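I am opening a notebook page on a structure that is new to me. I mean to go from the whole chain down to single residues, and to write down what I look up as I go.

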Amino acid sequence: MAVQNLGRDEVKRKIEAGGVTVVEALPESYYKEAHLPGALLLPHDEVDERAPGVLPDKQAAVIVYCASSTCANSGIAARRLDELGYAHVYTYEDGKEDWQAAGLPTESGV
């Protein structure tokens, strides 16, 4: 299945409905500063080694994001998850900056 991009409202709806895993594709320092509520850390350059531990169910819905539409990490990580056989992978290309600009809450720390 091809990776699909979701807008902020759809990401928010999916998070509120549950049944989706949200992952940040940036390095740990960015994740510690602020991340979307409930998001897990899976840097784009660690997908191959860490995805099975972070995302054990390849049939689950996964939304991958990074900082903004100018950050390529979410697309890189999402495409790799798709190649690894994850069936329902989405990106939120506008990312954390768009989320925060809309006044939506983030979390900090690990």
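Predicted model: local features only at pLDDT ≥ 70, side-chain atom pairs only at ≥ 80, totals over all residues.

**Order of elements**

I began by reading along the sequence, where the protein chain follows the pattern β-α-β-α-β-α-β-α-β-α. Counting up the secondary structure, I have 5 helices and 5 strands for the protein chain.

**The chain as a whole**

I then looked up the overall dimensions, and the C-alpha trace of the protein chain spans about 35 × 25 × 25 Å along its principal axes. The radius of gyration is 12 Å, which agrees with the value near 13 Å that a compact globule of 110 residues would have. Of the 110 residues, 42% count as buried. For the contacts with a separation of 6 or more, I find that 71% come from residues 24 or more positions apart.

For the surface, I noted an accessible area of about 5,600 Å², of which 46% belongs to carbon and sulfur atoms. The protein chain has 10 positive and 18 negative charges, and their mean positions are 3 Å apart.

**Two serines in one loop**

Next I turned to the loop between β4 (61–65) and α4 (73–83), where S68 is found and where S69 also has its place. Is S68 buried or exposed? S68 has a relative accessible area of 9%, and because this is under the 20% cut-off, S68 counts as buried. S69, with a relative accessible area of 52%, is exposed.

Which residues does S68 touch, once its neighbours within four places in sequence are left aside? I listed E93, D94, G95 and E97 as its contacts. For S69, with such neighbours again left aside, I listed E93 and D94. I also found that the side chain of S68 makes a polar contact with the side chain of T70, at 2.9 Å. As a check on distance, I looked up S69 and D45, which are 24 residues apart in sequence and 18 Å apart in space, C-alpha to C-alpha.

**The helix after the loop**

Finally I followed the chain into α4, where N73, S74, G75, A77, A78 and L81 are buried. An α-helix has 3.6 residues a turn, so residues three or four places apart point the same way. The buried residues of α4 pack against α3 (47–54), β4 and β5 (88–92). Just after α4, I noted that G85 takes a positive phi of about 100°.

Methods. Residues numbered from 1 in each chain as written. Heavy atoms only, no water. Helix = DSSP H or I, 4+ residues; strand = E, 2+ residues; numbered from the N terminus. Rg over C-alpha atoms; globule rule 2.2 N^0.38 Å. Buried < 20%, exposed > 50% of the residue type's maximum accessible area, 1.4 Å probe, protein only. Contact = heavy atoms within 4.5 Å. Areas by Shrake-Rupley, 256 points an atom, 1.4 Å probe, with all protein chains shown as cover. Lys, Arg positive; Asp, Glu negative; His and termini not counted. Charge placed at Lys NZ, Arg CZ, Asp CG, Glu CD. Polar contact = N/O pair within 3.5 Å; in protein donor to acceptor, adjacent residues only side chain to side chain.
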